[in-house]
Amino acid sequence: MTTGFTVEQLRAAATDAVRAPSLHNTQPWRFRLRDGGIELSVDPLRRLPVTDPSGWGTRIACGAALFNLRLALAVAGTPATVRLRPYPADPDVVARLVPDLPRRPTPAEQSLSAAIHRRFSNRAPFWPDPVPAEARWRLGEAARAEQCWLELVIGTGAVNALAEVARSAHRVLERDPAYAAERAEWMRAEPSPDGVPTAAGGPPSEPQDLLPQRGFGGRNRAPGRDFEPEPLVAVLGSTGNTAADQVIAGQALQRVLLTATDAGLSVSLISQPIEVPGAREALRLSLGRFGTPQMVMRIGYGQPGTATPRRPVDEVLDLPVVPA
């Protein structure tokens, strides 16, 4: 007979869960024990009302944290059964995890778990080395394992079409002063437990760049120098676009990111064409895929990037009060 999770198990698993990516590194999650289960919830104080008015980005981030949480529990020999959005009256509760039958972790789970603390977005230009076919196959399998799809955009014409959609979305967003102001609120020139440090920001976009980059205060590069001539671009998608689908897509995103890290690859996320509804639809039509695009990724080999900070794990835990 299985018993409930303990505070110690929650704290250990949440230490890995908080390493998930999030828009502007807002870390919009909280974790608690309830009736022996672990519940992952949205932190309403960390929403981005301008950048993410629908809550899509928050649910993607919480889905990524959920995958890390599942993985940490499985590697500890205490895997969980997951129920997404378990309380219709409380949609901020993203998932509830209860103990499943104990078992030994698989080699794949151990490899992905080892990648959690080595994974972070790399916003710098990648080297021209091509991503081998075996690694590309692994990334596609990672998405499929979480009921999503990963489309590698192959060919100059296809990449240019996607890039035009991304640049158009970027221009739409950048024209909104409130969008720029919200991004500036999460830029960090000094040490901070959240937000994007300027050292991790990468160089800002220039007119000749194929793909847009958000400006987080990174150093400028030589005038006229191309960012990357031929990046490997991938689009992650889900079969639907409900709130639960977005949480599922977040789990798939994190499995893809950890698989890439395990293969020695770097990834940066390009969400602008997802944030603008018209651009997302144009992207879907250009791919000819059934379902909804949920994230665009740039994948390749490069110098190790700079990790973004995380809040102490106890700041995101809602622990039961022990009677005096």
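Student: What makes Glu109 count as buried?

Tutor: First, a word on the source: this is a predicted model, where local features need pLDDT of at least 70, side-chain atom pairs count only at pLDDT 80 or more, and totals for chains, interfaces and linings use all residues. Residues are numbered from 1 along each chain as its sequence is written, and side-chain values use heavy atoms, without hydrogens and water. Now, buried means under 20% relative accessible area (exposed is over 50%, partly exposed in between, with a 1.4 Å probe and protein chains only). Glu109 has 15%, so it is buried.

Student: Which residues does Glu109 touch, leaving aside neighbours within four places in sequence?

Tutor: Leu71, Ala74, Val75 and Arg103 are in contact with Glu109, contact being heavy atoms within 4.5 Å.

Student: How do you know that the buried residues of helix 3 are on the same side?

Tutor: Those of helix 3 (residues 107-115) are Glu109, Leu112, Ser113 and Ala115. They cover an arc of only 155 degrees around the axis, so they lie on the same side of helix 3. What covers them includes helix 1, helix 2 and helix 7 (243-262).

Student: Why are helix 1 and helix 2 called oblique?

Tutor: Under 35 degrees is roughly parallel, over 145 roughly antiparallel, 65 to 115 roughly perpendicular, and the rest oblique. Helix 1 (residues 7-17) and helix 2 (residues 56-75) pack at about 130 degrees, with axes 8 Å apart. The pair is therefore oblique.

Technical notes
Axes are lines fitted to C-alpha atoms, for helices over the stretch in contact, and angles run from 0 to 180 degrees between N-to-C directions. Helices (H or I, at least four residues) and strands (E, at least two) are DSSP runs, numbered from the N terminus. The arc is that of the directions from the helix axis to the C-beta atoms.
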